[in-house]
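Please examine the sequence and the three-dimensional view below before reading on.

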Amino acid sequence: MASVDRLPSGKWRATVVLPLRTEDGRKRRITKTHRLRSVVVAWAQELEGAVAAGKWLHPKGADVTLAEYRERWAAQRLAEGRSSAKVGDSHWRNHIEPVWGGHPVGLITRPELRAWVKRMAETQCAKCRGYPGVKGDGMLARHKVTLTGAAAARAAKRKEPLEQVCTGTGQAPGLGAWTIQGAVTHLSALLTAAVDDGLIPANPALRLGLPPTRPKPVFFWTRSEAAAIVAQLDGLNATAVDLAMHVGLRPGELFGLKRRYVDTGIWLIHVHGVATRDGWKPHAKTAKSHRAVPVPPKLRAAIAARCEEIGPDDLVFPAPTGGVWDDRNFAERVFAPAVRAAGVKTGTPYDMRHTAASWLVQAGVDLQRVQELLGHEKYSTTLRYAHLRPGAFDEVLAAWGDVEARADR
């Protein structure tokens with residue numbers, strides 16, 4: 001049986017005796033502390049149940065922290081050349097690491113994860129959310145925070161620890177549903193990999209009951225707005241933006257386009273490589289991202305001239321230094337200033353992709369054809385644009401007309 005006692009600090013501690021012994025023959029015990037007694041009791045009960053059912057693995061899962069495991073996981077993905085190796089870094093730094101980074105992988109439980117999701121959804125510590133140099137776990141009571149950046153430099157100068165206890169009392173709104181979903185999805189991916197590696201028997205982050213996400217309105221620029229943005233650019237930047245507005249290349253696909261993948265004989269672009277924040281990678285996002293898209297006639301002369309002056313492995317749209325564009329740098333230094341100067345509604349480079357899809361659907365192009373052109377993995381993604389089809393509401397308008405006509409009679 002687990003024992004539960006209260007520490008001088010006021011926190012509760014649960015101790016579970018495992019059916020294992022240390023090197024000197026003593027029984028191995030695992031403890032957990034928390035400010036809530038219910039949390040440590042739930043943890044102990046779940047752990048004892050897993051041990052009794054033979055579903056708890058030890059010592060691997062209990063000796064490796066989530067931060068240590070994620071470091072190995074990320075290194076392996078980079079070694080495999082997978083461009084998504086850094087996807088989720090922001091979620092890890094801001095929402096996962098402060099809470100779970102030092103937690104043993106084998107001791108992460110569903111009750112704790114549910115409480116974490118609830119905290120993120122309800123209220124946050126205003127101090128932790130208001131200062132970029134402070135990362136906290138989102139609790140409103142006294143909680144641990146990790147100082148980073150300038151805040152960490154100031155603490156080091158004062159010889160203060162980087163890990164401190166936050167005493168902020170102000171409340172800030174909870175995180176949005178999309179942010180929570182992203183954080184949980186990244187954590188779940190880590191735990192699924194830990195299952196595959198034999199560290200834990202099951203993923204406790206599956207089916208946690210997340211706050212419902214609301215579909216975002218489809219954002220796109222009109223043709224006149226897009227022309228105004230392009231008019232603020234020159235040279236390759238103007239050609240790149242105009243191309244993305246028409247064919248819907250992702251920023252990574254646009255900046256990763258090499259000369260060898262542009263067929264000027266039949267005017268097709270073959271999407272195979274992508275630009276990432278770690279450089280160029282020889283693969284697209286998903287299987288359906290490998291596709292061919294036509295080159296708009298208005299851009300063929302400019303693209304042909306560029307292709308004639310570069311080698312087969314040179315980038316068609318390189319950064320000013322000749323390397324691969326970092327999408328953040330392009331957005332800050334090129335795209336955002338052009339949007340502001342054009343005086344149109346604010347958007348991101350990725351919205352050029354939404355713009356291309358919207359134009360095609362409004363022109364009557366079949367949704368399945370749009371899916372193929374943009375490389376959507378799921379048809380449901382393309383259905384977001386269905387309301388833009390010509391005549392999409394003719395039946396409704398006709399019905400209203402019949403009703404009004406009968407009312408007049």
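This is a predicted model: local features need pLDDT of at least 70, side-chain atom pairs count only at pLDDT 80 or more; totals for chains, interfaces and linings use all residues.

Two residues are said to be in contact, or to touch, when they have heavy atoms within 4.5 Å of each other.

Residues up to four places away in sequence being set aside, Ala-2 touches Thr-15, Val-16, Ala-44 and Glu-48. A further separation can be given for Ala-14: this residue is twelve residues from Ala-2 along the chain, and the two C-alpha atoms are 6.6 Å apart.

The next residue is Lys-32, a member of strand S3 (residues 27-34). Is Lys-32 buried or exposed? Its relative accessible area is 11%, so Lys-32 is buried, the limit being under 20%. When neighbours within four places in sequence are left aside, the contacts of Lys-32 are Trp-12, Arg-13, Ala-14, Val-39, Val-40, Trp-43, His-103 and Glu-112.

We now turn to a sheet. Strands of a sheet pair through backbone hydrogen bonds, in either a parallel or an antiparallel manner. Three strands form an open sheet in the order S9-S10-S13, and their pairing is antiparallel. Strand S9 (262-263) and strand S13 (291-294) are the edge strands, since each of them pairs on one side only. Strand S10 (residues 268-271) is joined to S13 by four bridges, and these two strands run antiparallel. Within S10 and S13, Ile-269 has Val-293 of S13 as its bridge partner.

Technical notes. Residues are numbered from 1 along each chain as its sequence is written. Side-chain values use heavy atoms; hydrogens and water are left out. Two strands pair if DSSP finds at least two bridges between them. Buried means under 20% relative accessible area, exposed over 50%, partly exposed in between (1.4 Å probe, protein chains only).
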